[in-house]
Structure formats: C-alpha cells, structure tokens
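Me: Hi! I'm new to reading structures. Could you walk me through this one?

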Amino acid sequence: MGNLVEIKRISKNYFNKKALDNLSLNIEEGKVLGILGPNGSGKTTLIKIMTGLLRQSSGELLIDGHKVGVYTKSIVSYLPDRNFLYNWMIIKDALNFYSDFYYDFDEKRAEELLHFMQLEKNMKITSLSKGMMEKLNLILVLSRKAKLYILDEPIAGVDPVARDQILDAIIKNYDSNSSMIVTTHLVRDMESLFDDVAFLKDGKIILEGNAESLREEKNKSIDEIYKEVFSN
Ligand SMILES: Nc1ncnc2c1ncn2[C@@H]1O[C@H](COP(=O)(O)OP(=O)(O)OP(=O)(O)O)[C@@H](O)[C@H]1O
C-alpha cells in the first residue's frame, strides 16, 4: 500500500517559538497512526496544518498526492478539539447541517452510532454534557465516508466507561481502506487502536514505527514506552 499522507521537513514558527521543527512523517493507506506527545509538543499545530487551518512556515505536505486545499478538505474528516455546533440546535439539526455540508455524510451510519452511544435525536445541544458533546462530534466525523479521519484528543473529556464506548465505536466503524490519525496523551486507553505510532517532542518526531514491532523490540507496552520517553 502507498502513503496517503506525506509530510516532508515541515516547520512552523509562531513568532520566535518553533512549534514544529523539520518534521517528516508518512501515513500509509488503511493504517491508524497515533501521534503521541505531551502538552505543547506540537500535535494540534501539525493537525491544523493538515486540515488547512494553519500554513507551515516551510516544508511540504501532500494528502493523496495533493497540497492542502479544496480537494484534500473533501477527503479529510476532522474532529476539532472545540465545539463548532450552534446552541439553538438539537442533535437532529446537527445531523442535517452535516449532511447538507458534506456529500459523503452517511445518515444511516450516524443514526446507528447515535443509538450505540445512547444519544437521542431530539436532545438539545445546550443540554449535552462535555462527554456527550464529544460523542456527538465523533459521530459526525465518523459518519463521513472519508479517506482520512483526523481525531484530535477524541476521549479527553469523557469518563472511563464512555472512553471504552468511544473506542469501540471507532474500531467498529472504521473502514479499513481509510487512514486515521489520532492524537492523544491518554496512551493506555487508546493504544489498542494504533497500527503505527509517532512520539512527538518539542516539534520533532523522536521515535516512530509499527506499534506491534515496537512492543516486541522493547518488550513494553506503548504506554510504558511513552512514559519512558517523556519522563526525562
Ligand atoms: N497561536 C500560537 N501562538 C504562539 N505560540 C503557539 C500558538 N499555538 C501554539 N503555540 C505554541 O506551539 C507549541 C505547540 O503547541 P500545540 O498546541 O501544537 O501543542 P499540543 O501538542 O497540541 O498541546 P496540547 O496537548 O496541550 O493540546 C507550544 O509551545 C505552544 O505554546
């Protein structure tokens, strides 16, 4: 299989702060990549560049062979780390909003996921807890038939039971022809999802590879490797 995403020597500076430092990374078709790093390591910056919300200061990024733009936005489904729905909406409005906006939105899948996550279509957006809101955003993102799914901290605000539920939903609904990027620092909860992992520190990849091979090579879980890498 080829690479769906090719990141070549990307740097991003915010004034005098280097958020990404000459970073190169590939994401294969059909693979789930975990981008793992502590607060401030550059995860969100990298994702914002992939989704076209920010521009890199230097370097090149290709998604399905294209620079970030109209085409790449049409094949990338993105879960931002903040809410983008309106307060007047009920869940049904949110589904309609998405379905009007994205031609690849699969309403049937959205309804199945709502049921699975125990959310009702007539619930008001303003009545949802933080965790319920995360579930709804995830449902909207996973219901698109995209080539690349990007989930930025998908389980950060939910309790352990909901975490398992969300993980299950991702695993069950993930189309094996698509690729997925998941950023997190909650490595233990998410590690079963990853085919590949990249450890990000100060805007640089300091370790990357196939998750299973890394576990075998170091005789440790990805969570244990993460703690080792970031404890000093
Ligand atoms: N708009 C900005 N202006 C200046 N510096 C910024 C800006 N956004 C991010 N940074 C800096 O860039 C670095 C990387 O930030 P980024 O948000 O990408 O990290 P992160 O890994 O997503 O962190 P977190 O896990 O806390 O969300 C940090 O040092 C941060 O302070």
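Me: What kind of unit do β6, helix α6 and β7 make?
Reply: β6, helix α6 (residues 160–173) and β7 form a right-handed β-α-β unit. Right-handed here means that, with the strands pointing away from the viewer, the path from the first strand over the helix to the second runs clockwise. Helices (H or I, at least four residues) and strands (E, at least two) are DSSP runs, numbered from the N terminus. Keep in mind that this is a predicted model: local features need pLDDT of at least 70, side-chain atom pairs count only at pLDDT 80 or more, and totals for chains, interfaces and linings use all residues. Residues are numbered from 1 along each chain as its sequence is written.

Me: In which sense do β6 and β7 pair?
Reply: In the parallel sense, over 5 bridges; two strands pair if DSSP finds at least two bridges between them. Leu151 stands opposite Val182 in β7.

Me: And how many bridges join β5 and β6?
Reply: Strand β5 (residues 76–79) pairs with β6 over 4 bridges, again parallel. Tyr78 has Ile150 of β6 as its bridge partner.

Me: Are the residues of β6 buried or exposed?
Reply: Buried, 5 of 5. That label needs 20 or more other C-beta atoms within 10 Å of a residue's own, while exposed means 12 or fewer and partly exposed is in between, with C-beta atoms placed from the backbone. Leu148, Ile150 and Asp152 cover one side, and Tyr149 and Leu151 the other.

Me: New topic: which residues surround the ligand?
Reply: Among them are Tyr14, Lys17, Gly42 and Thr44. The largest share of the shell, 3 residues, comes from α1.

Terms used. Near = placed C-beta within 6 Å.
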